[in-house]
Amino acid sequence: MYSGDFINLPFPIVADIDGNYINRSVKMYKPRREGDDNNFKDLYRFTRENVDHVTQAFLGDSFENRGGALSNVQRMKCFLRYVGDPGFQVGVGEDLGIHQTTVCKTIWSVCKEIVEKADEWIHFPNTPDEFEQEKKMWQTKYKFPSAIGAIDCTHILINKPGNYKDEFVNRKGLNSFNVQATCNAKEQFTSMDCEWAGSVHDARIWKNSNVFNLIQENQAGAILLADEAYPLTPWVMTPYRDPVTSLQKVFNVIHKRERVVIERVFGQVKQRFPLLQSKVRVKTEKIPRFIAACFVLHNVAKHLKDEDFEPAETTTYDIEVPRPTVTDATVLQRGQRRRDCIASYLRGGSNR
């Protein structure tokens, strides 16, 4: 047995069951990197202060670092670095000084915690008062009467799935999810539906969404603005097809100018989180949660007034879809009459 004076060794020593001292290996951790103020937002998609706010909102406080554990701020930064990158976990690990397996586990756990609080950040009105508030908000920025927002779909590209391959092939022959969302005048998402395969028509997603029933049954006369992929109804306004009269042309100009807000919001979320611009490289069944987490964080960024990223020239994968068929003639006629009334109102306003 060792009986000499104590000396400092570069490794720990422990005794085995026979009393013999042996060396024990030391776990070595990569140096953790933080990023400097010059490129912090480019790396983590929020300012340093707002990363702390986002962490507190979704993960709470944790400074545990025993066994090399990541703090909650480090966990959130790992997730933000991943969605702010084309999506390669090895590269994120190298950037942050952690192993790829840690990146994989961390981004998934953080993603789930963000999505669990989605309802706190993405909310579609469901009471008369809420509908009226949204209508008033729209009127502070736009002209369209009774509108509360716009609706559209966007395609998020994915790797070729192992199962149900044909379902995910969209009209451009690419594998994708077709994601429906609505937004309000503040350029915040008010609903999202992220689980439909790329081959599914926008109108089918719409008819199976919760928002379809909420807007159809609203007592405030609220309207969503949509393109021709959606059926015209009294609560969803689409443009005139092949407008002839000045009334119809004025309507289409204003409708297009205001409906484009949803396309702008899609662009903003894809600029902040470039993962959504390229192929999302995770298991197919996990992709909807990653998309949802990015949409939630977009709304958080708007709440925190975290400046949007400058738009860049990016390839769009949004797809022209056939005009849907409306089977209920009565609903179509009511929609046409309401559109004509709104067109008359807008033309009168344009002359004032």
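## Cysteines and overall make-up

Cys153 has a relative accessibility of 5%, so Cys153 counts as buried. The model that contains this residue is a predicted one. Cys183 is also a buried residue, because its relative accessibility is 1%. A disulfide is a covalent bond between the sulfur atoms of two cysteines. Searching the whole structure gives 0 disulfides.

The protein has 352 residues, and 47% of them are buried. Its secondary structure consists of 13 helices and 7 strands. Among contacts with a separation of 6 or more, 68% are between residues 24 or more positions apart.

## Two helix pairs

Two packed helices are described by the angle between their axes and the distance between the axes. The table gives these values for two pairs.

| Helix pair | Residues | Angle between axes | Distance between axes |
|---|---|---|---|
| H4 and H5 | 89–96 and 100–116 | about 105° | 8 Å |
| H11 and H12 | 261–272 and 287–304 | about 100° | 10 Å |

With axes at about 100°, H11 is roughly perpendicular to H12, because angles of 65 to 115 degrees fall in that class. On the H11 side, the residues that meet H12 are Val265, Phe266, Gln268, Val269 and Arg272. Their partners in H12 are Cys294, Phe295, His298, Ala301 and Lys302. Sorted by class, the contact of H11 with H12 holds 6 nonpolar, 2 polar and 2 charged residues.

The other pair in the table is H4 and H5, whose axes pack at about 105°. H4 and H5 are therefore roughly perpendicular to each other. H4 contributes Gln89, Val90, Val92 and Gly93 to the contact, while H5 contributes Gln100, Val103, Cys104 and Ile107. By class, the contact of H4 with H5 has 5 nonpolar residues, 3 polar residues and no charged residues.

Thr102 is also placed in helix H5. Its relative accessibility is 30%, so Thr102 counts as partly exposed. In sequence, Thr102 and Ala69 are 33 residues apart; in space, their C-alpha atoms are 9.8 Å apart.

Is Val265 buried or exposed? Val265 is buried, because its relative accessible area is 0%. Leaving aside neighbours within four places in sequence, the residues in contact with Val265 are Cys183, Glu187, Phe189 and His298. The C-alpha atoms of Val265 and Glu187 lie 6.0 Å apart, although 78 residues separate the two in sequence.

Leu225 sits in strand S6, which covers residues 223–225. With a relative accessible area of 0%, Leu225 is buried. Which residues does Leu225 touch, not counting those up to four places away in sequence? They are Trp138, Phe144, Ala147, Gly149, Ala150, Ile151, Met237, His255, Glu258 and Arg259. Leu225 and Val260 are 35 residues apart in sequence, and the distance from C-alpha to C-alpha is 9.1 Å.

## Positive phi in two loops

Most residues other than glycine have a negative phi, and most peptide bonds are trans. Arg45 is not a glycine, yet its phi is positive, at about 70°. Arg45 is in the loop between helix H1 (40–44) and helix H2 (48–58). Its relative accessibility of 7% means that Arg45 counts as buried.

Asp242 is another residue other than glycine with a positive phi, here near 55°. The loop that holds Asp242 runs between strand S7 (236–237) and helix H10 (246–259). Where Arg45 counts as buried at 7% relative accessibility, Asp242 counts as exposed at 63%.

How values were computed:
Residues numbered from 1 in each chain as written. Predicted model: local features only at pLDDT ≥ 70, side-chain atom pairs only at ≥ 80, totals over all residues. Heavy atoms only, no water. Axes fitted to C-alpha atoms, helices over the stretch in contact; angles between N-to-C directions. Helix = DSSP H or I, 4+ residues; strand = E, 2+ residues; numbered from the N terminus. Parallel < 35°, antiparallel > 145°, perpendicular 65-115°, else oblique. Contact = heavy atoms within 4.5 Å. Nonpolar A, V, L, I, M, F, W, Y, C, P; charged D, E, K, R; others polar. Buried < 20%, exposed > 50% of the residue type's maximum accessible area, 1.4 Å probe, protein only. Disulfide = S-S within 2.5 Å.
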